[in-house]
Amino acid sequence: MTSRTTPGTAPAAPRTALVVEDERTISDALAQRLRAEGFTVEQAFDGPSAVELARTARPDVVLLDVMLPGFDGLEVCRRIQAERPVPVLMLTARDDEADVLVGLGIGADDYLTKPFSMREVVARVSALLRRVERAAALADQRPAVIRVGAVAIDPGTRRTTVADEPVHLTPTEFDLLLCLAREAGQVLSRERLLREVWDWGDAWGTASATRTVDSHVKALRSKVGAARIRTVHGVGYALEDLP
């Protein structure tokens, strides 16, 4: 089942957010807050409707609950990303690392564990959209390929290879790898990664933010090789120059 809501005073070119959440109280609260931020909001309450609405509404960002009737949010994310890449913020009631890694691995860009504040939701959504805009601007500049050992990163085409083999990265994984590659061998703190990759200010230096960085690093390691990303406990991460 789906419904459509439109902000009363929308800007000239409003962004569209798709909220996929079967708990109507939560869905309506998210929709109301996003409308207040100037978004056009679409709502879906089950897996099949979410996929269909993503196809027809072509949202700029998707807020996606993991537990849904029909089929779950992981399958929704997989199908949506197969048709058209779009930033996805997963909403999960379980802070289970395995579930989070699966979600990140199939194309989700970020996640929030319930209960969450509407302020943090808006901050995360805004950060995702700013990153999309930055990526588009960077592609127009045609920057040079960055090579760190066997890893080659093309910021313009947003393609990555390891030992000349293509590696599929989510937008967040690519931005994280690119940030580490620009200062290969140097340890970058979680706080710096949050600012430069997630575009979060110091106000978001929370335990949730730290888990977000660690989860994405773990997902990235599974694709480029665990040894290539060194952990400095209590500090952050560094990309190593390895064959």
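The model is predicted. The protein holds 8 helices and 13 strands. Of its 243 residues, 49% are buried. Among contacts between residues at least 6 apart in sequence, 60% join residues at least 24 apart.

**Helix H6**

- Helix H6 covers residues 171-182, which makes 12 residues.
- At 1.5 Å a residue, H6 should span 16 Å, and its end C-alpha atoms are 17 Å apart, which agrees.
- H6 is mostly covered, with 10 of its 12 residues buried.
- The buried residues include Phe174, Leu176, Leu177, Leu178 and Leu180.
- An α-helix has 3.6 residues a turn, so residues three or four places apart point the same way.

**The nonpolar cores**

- The largest nonpolar core has 28 residues.
- Leu176, Leu177, Leu180, Leu193, Trp198 and Ile229 have the most contacts inside this core.
- Five elements each supply at least two residues of the core: strand E8 (151-154), H6, helix H7 (190-196), helix H8 (207-224) and strand E13 (236-239).
- H6 gives the largest share of this core, 7 residues.
- Another core, of 25 residues, lies apart from the largest one. Val51, Phe71, Val88 and Ala108 are among its residues.
- Ile229 touches Leu180, Val217, Leu220, Arg221, Val224, Tyr237, Ala238 and Leu239, not counting residues up to four places away in sequence.

**Helices H2 and H3**

- Helix H2 (residues 47-57) packs with helix H3 (residues 73-83).
- Their axes are 9 Å apart, at an angle of about 20°.
- The two helices are therefore roughly parallel to each other.
- Their crossing is right-handed.
- H2 makes the contact through Gly47, Ala50, Val51, Ala54 and Arg55. H3 meets them with Val76, Arg79, Ile80 and Glu83.

**Around strand E7**

- Ile146 sits in strand E7 (residues 146-148).
- Neighbours within four places in sequence aside, Ile146 is in contact with Val151, Ala152, Ile153, Pro155, Leu178, Ala181 and Arg182.
- Ile146 and Thr160 are 14 residues apart in sequence, and their C-alpha atoms are 9.7 Å apart in space.
- Gly149 lies in the loop between E7 and E8.
- Gly149 has a relative accessible area of 39%, so this residue is partly exposed.
- Gly149 and Leu242 are 93 residues apart in sequence, yet 4.7 Å apart in space, C-alpha to C-alpha.
- Leaving aside neighbours within four places in sequence, Gly149 is in contact with Asp241 and Leu242.

**Backbone details**

- Most residues other than glycine have a negative phi, and most peptide bonds are trans.
- A cis peptide bond joins Lys114 and Pro115, with omega about -5°.
- Pro115 lies in the loop between strand E6 (110-113) and helix H5 (118-141).
- Arg58 is not a glycine, but its phi is positive, near 50°. Arg58 belongs to the loop between H2 and strand E4 (61-65).
- Ala163 also is not a glycine, and its phi is positive at about 55°.
- The loop between strand E9 (159-162) and strand E10 (165-167) holds Ala163.
- Ala163 has 52% relative accessibility, so Ala163 counts as exposed.

Technical notes:
Residues are numbered from 1 along each chain as its sequence is written. This is a predicted model: local features need pLDDT of at least 70, side-chain atom pairs count only at pLDDT 80 or more; totals for chains, interfaces and linings use all residues. Side-chain values use heavy atoms; hydrogens and water are left out. Helices (H or I, at least four residues) and strands (E, at least two) are DSSP runs, numbered from the N terminus. The expected span of a helix is 1.5 Å times one less than its number of residues. Buried means under 20% relative accessible area, exposed over 50%, partly exposed in between (1.4 Å probe, protein chains only). A nonpolar core is a set of buried Ala, Val, Leu, Ile, Met, Phe, Trp, Tyr and Cys residues joined through side-chain atoms within 4.5 Å. Contact means heavy atoms within 4.5 Å. Axes are lines fitted to C-alpha atoms, for helices over the stretch in contact, and angles run from 0 to 180 degrees between N-to-C directions. Angles under 35 degrees count as roughly parallel, over 145 as roughly antiparallel, 65 to 115 as roughly perpendicular and the rest as oblique. A crossing is left-handed if the near helix is turned anticlockwise from the far one by less than a right angle, and right-handed if clockwise.
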